[in-house]
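Dear colleague,

I am passing on the structure we spoke about, and my notes on its helix packing and chain contacts follow below it.

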Amino acid sequence: MDAQYFSEGRVRAGGHVNYHWNWGIFFEPNPMGTGTYLDMLLSGLVLTLKTGVLAWIIALIFGSLVGVMRTLPSKAAGWFGFCWVEFFRNMPLLVQLFLWFFVLPELLPKSAGLWLKQLPNAPFWTAAIGIGFFMSARVAVQLQAGIGSLPRGQKMAATALGLTTVQSYRYVLLPMAFRIILPPLTSEFLNTIKNTAVAITIGLLELTGQARSMQEFSFQVFEAFTAATLLYLLVNAVVVTAMRFLERYVAIPGYITGK
Amino acid sequence: MFSNFDFGVIIRALPYLFYEGLSFTFMLTALAALGGLVFGTAIALMRLSGYKTLGRIAGFYVDFMRSLPLVLVIFWFYFLVPYIGQWVTGASRPISVGAFASSLITFIMFEAAYFSEIMRAGIQSISRGQPAAANALGLTYAQTMRYVVLPQAFRNMLPVLITQTIVLFQDTSLVYVLSITDFLGAASKVAQRDGRLVEMYLFAAVVYFTISCIASFGVRRLQARIAIIR
């Protein structure tokens, strides 16, 4: 890794008795020739959001499937769901990304492994899939709790009405459960966005990565990280506000949060 | 698929992985959990103190930390701590801070935000009668907290606190971005030296998985025991 280079930056930044602030640095051209340093950070922000949203879609799909499986009467389904959650929850995300990025291509048949390694944007896809599966375990646990919090009568009434299992989940249980777990899902979505920063280790130049390269090029450590921090806070604020509107829109009448 | 899987690489690296790597990870986890708990409890007490300004500062700190990715916070402290040290000690130039101290400070400050939310929930789960009774007995605020509220809050929240510590244990692997030799860092160094990424990363995954699994199994048993008592 370029860690040595990195710590050299620290020494240089710290070598001066006083840190030289330069807030104008954002409007100076970056050495990549892609505009200013600000453009660099913004492209990082876009990549963070892209990765986060794709990972979140994967997490929602797999998390919902697994979460539902854990509530089914079938023992095999419950066991599968249990294994899925334990597998993805008990390993650090960083290790999981390494497994996807470095180990998986080696374990596949040669041609498939080669294809995987030569994939353009490999860090992006790896990060989205790795973070998506990692978060799916958390979504599954939330959904299971949400379904479990519904009164037993709901499932029974659905069955009494002649709905099949699929129908009772589709029309009765899931619409309720998802609305109940919307607040915890919001924080899991924010976690997904924050977790994209871990993908810096497989070379994804998302927001934290761009802030770091800006620090390497310009030695303006604190300006770069301050800007990244503000952008993360902004994303957080936007997501929280949007979700609050969504929560009010889908609130269930009769519940505490209902109208 | 596993035709040239070399267990020898792992076995030869075992002493290095465990004495250098895993002991660093455990040390960092334990000290950060301890520091985070103390600092987090202080923040929780600030939030519940009834003083508006104090509560707002604590609330801001928690929200702020929780909206940033840990990787960014690690970078922040790595560069900031030498300057803070200069400011605290009054030295003429930024002091040099070792990798361990730097990452320990980072994790304490970061985890405190999460631990404080757990402790806040724990303190709020104590019935009002308890501090009222302590007050009636003539205990001061500090005594009430020390002898009545905090021991119960801590006990009620023990499973959650341990679960958070498991998360912390996994998160310490992120010090990789500073190329520190924690467990994953050690595995990755061997992997790159010997060109054995598959073996080392799979082994690292198995070790993290096993430790976390055993710990969360312990938490589940603890939860069951506490549930019977309450």
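At what angle do helix 4 (residues 93-107) of chain A and helix 6 (residues 122-149) of chain A pack, and how far apart are their axes? The angle is about 130° and the axes are 9 Å apart, with axes being lines fitted to C-alpha atoms over the stretch in contact and angles running from 0 to 180 degrees between N-to-C directions; helices are DSSP runs (H or I, at least four residues) numbered from the N terminus. The two are therefore oblique to each other (under 35 degrees is roughly parallel, over 145 roughly antiparallel, 65 to 115 roughly perpendicular, the rest oblique).

Please note that this is a predicted model, in which local features need pLDDT of at least 70 and side-chain atom pairs count only at pLDDT 80 or more, while totals for chains, interfaces and linings use all residues. Residues are numbered from 1 along each chain as its sequence is written, and chains are lettered from A and ligands numbered from 1 in the order in which they are written.

In chain B, helix 1 (residues 7-47) and helix 6 (residues 141-171) pack at about 135°, with axes 11 Å apart, which makes helix 1 of chain B oblique to helix 6 of chain B.

Between the chains, 34 residues of chain B are in contact with 33 residues of chain A (C-beta atoms, placed from the backbone, within 7 Å). Helix 8 of chain B gives the most to the side of chain B that touches chain A, with 11 residues.

Best wishes

Key
Contact = placed C-beta atoms within 7 Å.
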